[in-house]
Amino acid sequence: MEQVEQMDFVEAKEEKRKCVIDVKNLYKVYPLGKNYVRALNGVSFQIYEGEFCAIVGTSGSGKSTLLNMLAGLEKPTKGSIMVAGERIEKYNENRLVKFRREKIGFIFQSFNLISTMNAIENVAMPLVFRGVPKFIRNKRAEKMIELVGLKKYKTHKPNQMSGGQQQRVGMARALVLNPTIVFADEPTGNLDSATSEEMMTLMRKVLSEKNKTLVMVTHDNDLAALADRQIHIKDGKIVKIEEGNER
Amino acid sequence: MSFLDMISMSAGNLWRRKLRTILTVLGVLIGATSIITMLSLAIGMKKQMLESYESYGSITEIEVRGGDDMGSDGSGQLNKDTLLSDTNMETFSQMEYVEKVSPILEYYGSTKIGKYTGSFQVLGVDKEELAKQKLAKGELPGVSGNKLEVIAGNSILTSFYYMRGDEMIGYWDTQELPDIDLMKQLRKVQMYMNTYDGSSEENSSEENSSEENSSEETTSDTEGDSTEDTSASSEYVDPDISTTTSTQTNNGQIEFPIQVTGMMEGKVDDYSNYSQGLLTDIDQLKAFLIRKFGKNNIPEQPKDNGKPLNEWVYNSFKVEVDRSEHVEEVQKAIQDMGFSASSNKDMIDSMNSSMQMVELVLGGIGMVAFLVAAIGIANTMMMSTYERTKEIGVMKVLGCDMRDIKKLFLSEAAFIGFVGGMVGLFFSIAISHVINNVASKSVETGDMQISLITWWLALAAVGFSTFMGIVAGYFPARRAMKLSPLAAIRTE
């Protein structure tokens, strides 16, 4: 664990790049009994198109809260969030659902595949919510599954696949809607380190191919080191933004 | 989300928890079966009752009788408005909802056969009514010659009695029917008749009328020549009657020669409108009367200031209304015109209200079971939302519309209700068959439909069952809809 004390903001040099996430002065306060907990305490940053950005922090640092708010799963107490051209902080739940359906892909830590459905059906599920006819959505889902290298497993149920394979299905599911931004919440949290490595490489490859923005939450500094940029969070505040390896 | 996806998804979800789904469906099945069976009993009973009432006379029928004292106001002046005349018959048949008006002429009479005396009605009804009667043997009356051809009601023999000392002994005392073959032994009937003021110009007016009333006259002409007619009338008319000069009515007995051509079908104690009388074609009766008494001196026909009317006056009309709902209205209208009118409507109404009670009670019993089933559905769906909290969260994160989630749960609940209702319906049909079989064995007629599942009951039951499923699933569905998408993120 590397402890960074000094407030070392790195200026975003690439002004010409398109900004897809713009967070300004974000606060989130939870009531906890009689007290209030400040999960986020004034956070501002930008993320650009095609960027792979990691939000790093220990548990309880507020990183998950931040991700949830970016994905429109939670509402901020104060501040503004602009994601993929939409100001989502004032949206109601129905509008948020629509926003997610149109702009966002999500990869879960615990895969969250539907156990009764096979790989193709799982991948095709977001398309079901969009009302895409079965024939078309199965074709698209199949293509996605091939993209993540699971061609042989496309009719397997989740319990017939390893964790890595399941997460690849999860990835295919996040990408099938062709989202602007993909959010990943500790995507390798349930995987061993070798599979994690493999997983991250694949994720980078696929996303950069499609020029997608990826925002990943992790507590693992080694994983975060793979990102273009790391946003370190501690106690609800950004302590460091670190430029990683350039692509 | 398309409808088809919704259905296949909810069916898939239900199938995932087979045992629980089947148990819940079983609950609905029992509820649906109980409610369908109970209501089928109520419907069957109602139908049975209606049918038994129908044998007493149709439920769309109004019987019209004359106004005050057959139109006579005591001064010899006729009040033609309330007379059951051909004119008024025409008026009735012009009324709204009225399909048909048929006149009835009735006479009372008695006869002696051996030691037995029987008294009964002789009724003239129209041809259609006559043709409706089912005969056990013989045939319908043809054209009457000297003898009035009639068919006899199935329970007419119960009105025969004999005297033992001062006691009258008949069927109801002994339960034994007199051994009489009416078709062979009934030859004549003594009619009790009132003739209105016998006019002295009988013969001349008869000649006048013979030109007017062609059809009846031709029959009498072809059947027998006029000499026979006059001889018959002078022979049978009681001399007491013909000689009286009272301006009021005269009472007496006139003998009718009768030929029974057929016996009506039915057991001896089956009651119907005509079961205790002799029935004949009204046109034949009219012709017979004209031949016997002459056009202007027919018994029971009122006269206006001593002059005969040039139309028939009947004892009653049977007014057929198109639907039973209109009976009351038409009945009222006829009563307002000054006639007395009665129908089975009151009887049917009271039956309906008592049947409604039965329906309510039976339906209520069935409903209790159904309510329990509905709670079962609610419970199952509630469990399902708890169990699938995470899954619902994932769906929400992946962009499933909140309304779609609600619809998904509602359709699952509706599915349980529908399947339970359908299977329950088949069960009820089977049970209904069993009930009817058992019931049929207990009665001699061999056909007893106590339980009747009409198509609308079947439809309503399945529809209701589905609807109850939706109602029961509503709160669980709302709960599912409101679940936070964050549930998907939490790791257990």
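This is a predicted model: local features need pLDDT of at least 70, side-chain atom pairs count only at pLDDT 80 or more; totals for chains, interfaces and linings use all residues.
Visitor: Why are helix 15 of chain B and helix 16 of chain B called roughly antiparallel?

Guide: The axes of helix 15 (residues 402-442) and helix 16 (residues 455-482) of chain B cross at roughly 150 degrees and come within 7 Å. Angles over 145 degrees count as roughly antiparallel, so the term applies to this pair. Helix 15 of chain B passes helix 16 of chain B in a right-handed crossing, and the residues of their contact divide into 16 nonpolar, seven polar and one charged.

Visitor: What makes helix 13 of chain B roughly parallel to helix 16 of chain B?

Guide: Helix 13 (residues 345-387) of chain B packs against helix 16 of chain B at an angle of about 30 degrees, with the axes 8 Å apart. Since that angle falls under 35 degrees, the two helices are therefore roughly parallel. Their crossing is right-handed; among the residues that make the contact are B:Phe370 and B:Met381 of helix 13 of chain B, together with B:Met468 and B:Pro476 of helix 16 of chain B. By class, this contact has 14 nonpolar, four polar and one charged residues.

Visitor: How do you know that A:Arg101 forms a salt bridge with B:Asp401?

Guide: The closest N and O atoms of A:Arg101 and B:Asp401 are 3.6 Å apart, and the rule asks for a distance within 4 Å, so the pair qualifies. Between chain A and chain B the count is three salt bridges, whereas over all chains it comes to 33.

Visitor: What makes A:Glu86 and A:Lys103 a salt bridge, and where in chain A are the two residues?

Guide: Their closest N and O atoms are 2.7 Å apart, which is within the 4 Å limit, so this pair also counts. A:Glu86 belongs to strand 5 (residues 86-87) of chain A and A:Lys103 to helix 2 (residues 93-103) of chain A, so that the pair, 17 residues apart, links distant parts of the chain.

Visitor: How many residues does each chain give to the contact, and what area do chain A and chain B bury?

Guide: Chain A gives 27 residues and chain B gives 23, and between them the chains bury about 2300 Å², 64% of it on carbon and sulfur atoms. A:Leu73, A:Glu93 and A:Phe129 supply 24% of the area that chain A buries against chain B, more than any other three residues.

Technical notes
Residues are numbered from 1 along each chain as its sequence is written. Chains are lettered from A and ligands numbered from 1 in the order in which they are written. Side-chain values use heavy atoms; hydrogens and water are left out. Axes are lines fitted to C-alpha atoms, for helices over the stretch in contact, and angles run from 0 to 180 degrees between N-to-C directions. Helices (H or I, at least four residues) and strands (E, at least two) are DSSP runs, numbered from the N terminus. Angles under 35 degrees count as roughly parallel, over 145 as roughly antiparallel, 65 to 115 as roughly perpendicular and the rest as oblique. A crossing is left-handed if the near helix is turned anticlockwise from the far one by less than a right angle, and right-handed if clockwise. Ala, Val, Leu, Ile, Met, Phe, Trp, Tyr, Cys and Pro count as nonpolar, Asp, Glu, Lys and Arg as charged, and the others, Gly among them, as polar. Contact means heavy atoms within 4.5 Å. Buried area is the accessible area (1.4 Å probe) that two parts lose on being put together, summed over both. A salt bridge is a side-chain nitrogen of Lys or Arg within 4 Å of a carboxyl oxygen of Asp or Glu.
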